[in-house]
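Please consult the sequence and the structure shown here alongside the text.

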There are 2 protein chains.
Amino acid sequence: MSEIKQTSTNFSNKNALSDECPEAYASTIIGGQWTLVICSWLLSGKLRFGELRKKLPNITERMLTLQLRKLEENMIIKRTVYAQVPPRVEYELTPIGYALKPVIKALEDWGDRHKKLTNK
Amino acid sequence: MSEIKQTSTNFSNKNALSDECPEAYASTIIGGQWTLVICSWLLSGKLRFGELRKKLPNITERMLTLQLRKLEENMIIKRTVYAQVPPRVEYELTPIGYALKPVIKALEDWGDRHKKLTNK
DNA sequence: TATATTACCCACCAATTGTTAGGTACTATA
DNA sequence: TATAGTACCTAACAATTGGTGGGTAATATA
């Protein structure tokens, strides 16, 4: 997840959309491959970096770091660093992060339904 | 949106995730930049290709075509071609497509809330 | 002294997603 | 004959997203 070049057409299209459509806006924020899964684990309480990694079997450390940073920037999670060695960092949802619960629920319900339909 | 190389690590990670997490599964299906916006327009009734294009100011024809194809593959929309010249093609949501309504609603609500929080 | 532990960072690369700019077919109308 | 209209398609490119494999610090324990 490199820098976004704010001059690109991609960027301005996404921006224009996000301005008008809250659903498009929302999906640029929580649309990453791992975002919702991380949030759904955090819904049940704070977790350390290493704990999260174990819950997400295929994620690389780099990806987890990047996603957590992005979530932090968007104020969805709070990061707490304890001055210890070895280091200890805890992540937890903010209020707006917890507010994702109904979104996640709706997506899960729909996902289940859609999956049944297509697996047949 | 080219072919997905089904041998890639990306692909198998996404697959593994989708198997376990219906919310991750759902977001691979409706996570595209335009997907939800298209669906939210179709929630109010069937539309022709050209009508959709007018509603989505910045979309290119290619993108619209690709997105509609993907939605069709995923059985979210139905495509009806009328044998006329000039051609006439109509798109409408399937039942599982309409079932996205609560998802879109939840995302909109959350998006609005999040936007207020961060603009402030 | 060597190794383990934790939560990262970095450079480089592969894959996916989106855009640009050019087509096409076929009919109707000017 | 020239142009317009609709719903596409194609090749080539730009941008973003995700993965691989290496590294770091500082302390504790063997």
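Within strand β3(A), the residue opposite Val81(A) is Val89(A). The model is predicted, so that local features need pLDDT of at least 70 and side-chain atom pairs count only at pLDDT 80 or more, while totals for chains, interfaces and linings use all residues. Residues are numbered from 1 along each chain as its sequence is written, chains are lettered from A and ligands numbered from 1 in the order in which they are written, and side-chain values use heavy atoms, with hydrogens and water left out.

### The sheet of chain A

Strands β2 (residues 77–82) and β3 (residues 88–93) of chain A pair in the antiparallel sense over 6 bridges; two strands count as paired if DSSP finds at least two bridges between them. Strands (E, at least two residues) and helices (H or I, at least four) are DSSP runs numbered from the N terminus. With 5 residues between them, β2(A) and β3(A) form a hairpin. The open sheet of chain A has 3 strands in the order β1-β3-β2, with antiparallel pairing. Its edge strands, β1 (47–48) and β2 of chain A, each pair on one side only.

### The sheet of chain B

In chain B, too, 3 strands form an open sheet, in the order β1-β3-β2 with antiparallel pairing. Because β1 (47–48) and β2 (77–82) of chain B stand at the edges with a single partner strand each, one side of each has no neighbour in the sheet. The antiparallel strands β1(B) and β3 (residues 88–93) of chain B are joined by 2 bridges, and Leu47(B) has Tyr91(B) in β3(B) as its bridge partner.

### Helices on the sheets

Contact here means heavy atoms within 4.5 Å. Axes are lines fitted to C-alpha atoms, for helices over the stretch in contact, and angles run from 0 to 180 degrees between N-to-C directions.

| α3 (residues 35–42) of chain A | touches β1, β2 and β3 of chain A | about 95 degrees with β3(A) |

### Relation of the copies

### The interface

Between the chains, 42 residues of chain B contact 42 residues of chain A. The buried area is about 4000 Å², with 69% from carbon and sulfur atoms; this is the accessible area (1.4 Å probe) that two parts lose on being put together, summed over both. Glu23(B), Ile96(B) and Trp110(B) lose the most area in chain B, together 19% of what that side buries. There are 0 salt bridges between chain B and chain A, a salt bridge being a side-chain nitrogen of Lys or Arg within 4 Å of a carboxyl oxygen of Asp or Glu. On the side of chain B that touches chain A, the elements giving two or more residues are α1 (9–20), α2 (22–30), α3 and α7 (101–119) of chain B. Of these, α7(B) gives the most, with 14 residues.
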